[in-house]
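These are my notebook entries on one structure.

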Amino acid sequence: MAKKKKKDAKQEKNVVPVVRKLKIREGGPAKVLKSTPVFEGPLFRVLRDEIEEPNGKKTTRDVIRHNGSVVILAVDRSKDKKDPLVLIERQFRHAAQHYLYEVPAGKIETGEEHLEGAKRELLEETGYTAKKWTKLVRYFASPGFLGEWMQVFLAEDLMPGKAQPEEDESFELQFVPLSQLLKLIDEGKIRDGKTLISVLYYAHLIGKKKRKKNERGFPT
């Protein structure tokens, strides 16, 4: 019995604690001891950094540095408020070797404000402008090696116009009901990360609003 208690106590020490209320502690950046440029192109640059992490560990990391990007969830609620239409692009992605279905997005230009970048990208890629803009979630695309963060904006009250894509850009545009996009996500057919995050976050917000209305006794 005593041996069993000792064994149980040892196992208890190795158990990951359950945190009922997670407190976010972002901490400070690593101390860069040496940074060597490896590659520089029009979209990003690659650095080999020798660093000392906040915990004191010294290591070397290859990092892609990028100005950051804006993501636009363009939504048309005029025809059906319960199941709004979402503007989707189909385009070929060489790195993925597939056509992907995506929401509009693009790189922030040097010195450009995030919202201005979002407005510019929506116009260039789709021809649409929007009267109402709302900042949603911001996230890191792949923080293991990529410094790029992506800011999602919700664009509403859309107005059509003429697209102004760059020479190397080619898009097929379509409006898709939110319910259909969620079904495609469930089936694993939407594989673009920014689109998954944007659509699911938006669906979460809609669901949250509906729950609040129900709690107040309003019809949905």
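**Entry 1: Positive phi**

I found Gln-97 to be partly exposed, with a relative accessible area of 48% (buried means under 20%, exposed over 50%, partly exposed in between, with a 1.4 Å probe and protein chains only). The model is predicted: local features need pLDDT of at least 70, side-chain atom pairs count only at pLDDT 80 or more, and totals for chains, interfaces and linings use all residues. Residues are numbered from 1 along each chain as its sequence is written, and side-chain values use heavy atoms, without hydrogens and water.

I placed Gln-97 in the loop between strand E5 (85-93) and strand E6 (98-102); helices (H or I, at least four residues) and strands (E, at least two) are DSSP runs, numbered from the N terminus. The phi of Gln-97 is positive, near 60 degrees, although the residue is not glycine. I noted a positive phi of about 55 degrees for Asp-157 as well, and this residue lies in strand E9 (residues 149-159).

**Entry 2: Aromatic pairs**

I recorded four aromatic pairs (ring centres of Phe, Tyr and Trp, the last by its six-membered ring, within 6.5 Å; planes under 30 degrees apart are stacked, over 60 edge-to-face, the rest tilted). One of them joins Phe-92 and Tyr-99 edge-to-face, at 5.5 Å centre to centre and 65 degrees between the planes. Tyr-128 and Phe-175 are also edge-to-face, at 5.7 Å and 90 degrees. Tyr-128 lies in the loop between helix H2 (114-126) and strand E8 (129-140) and Phe-175 in strand E10 (residues 172-177), so this pair ties together parts 47 residues apart in sequence. I noted that Tyr-128 is buried at 17%, whereas Phe-175 is partly exposed at 30%.
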